[in-house]
Amino acid sequence: MTPSTPTVTPAGGLGEVTLTYSELVAKKFTEAWVTLCCVSNEVGGNLISNGWWSGVLLKDLLEQAGVQSGADAVKQTSDDGWTCGTPLTALTDDRGAMLAFALNGEPLPIEHGFPVRTVVPGLYGYVSACKWVRDIEVTTFDSFTAYWTDRGWSEQGPVKLASRIDVPNSGAHVGAGTVRAGGLAWQQNTGIKGVQVQLDGSAWQDATLSRKTLTDSWVQWTASLDVTAGNHQLRVRAINEQGQVQTSVRAAPAPNGASGWHTISFSAG
């Protein structure tokens with residue numbers, strides 16, 4: 001597939017459909033705020049971003065192609081030969097997985113996958129976010145391996161409940177008294193119900209959320225802290241819409257995403 005003559009092929013199951021770029025963008029499309037985060041992101045890391053995506057629902061394209069019973073995976077292949085395996089249910093349920101052709105109201109930049117890429121809320125990119133999509137094949141997980149699973153990463157990569165402190169910066173010096181803290185929390189396809197912060201091991205304090213209505217987008221949070229002169233430690237945890245509290249157990253990104261509470265140190269005076 002080249003930018004001048006792109007095609008998208010949902011294959012397997014009962015049939016095969018080949019679409020040109022013009023045919024794809026002429027279809028009924030959907031738009032949504034969706035946060036994408038990399039499975040390699042460390043606790044408190046910045047390998048995450050938010051965007052307004054436009055595209056065609058993959059469940060509609062797969063329904064058009066026809067999916068045979070027994071299939072449980074979709075093998076996606078990029079124009080450069082990169083592959084990923086995505087759970088079929090994640091592309092056919094109501095989460096709004098799409099074959100995206102625009103970002104923030106403009107055609108996809110080449111580095112983001114022009115002409116089309118896959119956006120699947122709730123999954124890390126290594127199992128879902130195929131750029132420069134060449135082919136989409138309905139199949140089974142036991143019939144193929146993909147680029148990152150060949151390198152030891154987990155077969156399925158649901159996004160973990162996570163949060164981050166952006167203000168104050170780790171190592172910052174602030175004035176004693178009332179200090180405003182803030183950051184982000186996310187778990188796409190589940191949503192954030194609340195965020196709590198803890199200063200110097202004291203009781204957890206509820207933060208204020210900027211919004212709670214966008215399930216697939218990160219949420220900004222703020223909190224006011226009563227800070228005395230001296231050195232301090234601040235940590236954060238999120239609570240999702242199902243009532244699950246973010247785990248404190250530290251885990252490295254491999255093989256299925258980092259976990260743990262983001263914790264920073266700062267001083268006041």
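Of the 269 residues of the protein, 49% count as buried (under 20% relative accessible area; exposed is over 50% and partly exposed is in between, with a 1.4 Å probe and protein chains only). This is a predicted model, where local features need pLDDT of at least 70 and side-chain atom pairs count only at pLDDT 80 or more, while totals for chains, interfaces and linings use all residues. Residues are numbered from 1 along each chain as its sequence is written, and side-chain values use heavy atoms, with hydrogens and water left out.

**Overall layout**

The C-alpha trace spans about 70 × 35 × 30 Å along its principal axes. The protein has three helices and 20 strands; these are DSSP runs numbered from the N terminus, with helices being H or I of at least four residues and strands E of at least two. Taking contacts between residues at least 6 apart in sequence, 70% join residues at least 24 apart (contact means heavy atoms within 4.5 Å).

**Two sheets**

Strands of a sheet pair through backbone hydrogen bonds, either parallel or antiparallel. Here, two strands pair if DSSP finds at least two bridges between them.

If you want a spot to look at, Ala181 stands opposite Ala223 in β18.

Another open sheet has five strands, ordered β13-β20-β19-β15-β16, and its pairing is mixed. At its edges stand β13 (173-174) and β16, each with a single partner strand, so one side of each has no neighbour in the sheet. Two bridges join β15 to β16, and this pair runs antiparallel. Val197 stands opposite Gln205 in β16.

**Aromatic rings**

A pair of aromatic rings is described by the distance of the centres and the angle of the planes. Rings of Phe, Tyr and Trp (its six-membered ring) pair if their centres lie within 6.5 Å; planes under 30 degrees apart count as stacked, over 60 as edge-to-face and the rest as tilted. By this rule the count comes to eight aromatic pairs.

| Pair | Centre distance | Plane angle | Type |
|---|---|---|---|
| Trp148 and Trp153 | 6.2 Å | 75 degrees | edge-to-face |
| Trp204 and Trp261 | 5.0 Å | 75 degrees | edge-to-face |

What does the pair of Trp204 and Trp261 tie together? Trp204 lies in the loop between β15 (192-199) and β16 (205-206), and Trp261 in the loop between β19 (230-240) and β20 (263-268), so the pair links parts that are 57 residues apart in sequence. Trp204 is partly exposed at 22% relative accessible area, whereas Trp261 is buried at 18%.

In the other pair, Trp148 is partly exposed, with a relative accessible area of 32%, and Trp153 counts as buried at 17%. Ring pairs link Trp148 and Trp153 with Tyr126 and Tyr147 into a cluster.

A charge sits over a ring if NZ of Lys or CZ of Arg is within 6 Å of the ring centre and within 35 degrees of the ring normal. The charged end of Arg151 sits over the ring of Tyr147, 3.6 Å from its centre. Arg237 has its charged end over the ring of Trp204, 4.0 Å from the ring centre.

**Pocket and cavity**

Both come from a 1 Å grid over the protein atoms alone: a cavity is a set of points where a 1.4 Å probe fits but cannot get out, and a pocket is an open set with protein on both sides within 12 Å along at least five of seven lines; lining residues have an atom within 4 Å of a point. Points are joined across faces, edges and corners, and a volume is the space filled by probe spheres set on the points.

The largest pocket has a volume of about 650 Å³. Of its 34 lining residues, the closest to the centre are Leu36, Arg117, Gly125, Ala129 and Lys131. β5 gives the largest share of that lining, five residues.

There is one cavity of 30 Å³ or more. The largest cavity has a volume of about 150 Å³. It is lined by 17 residues, with Asn41, Glu42, Ala162, Trp186 and Ala258 nearest its centre.
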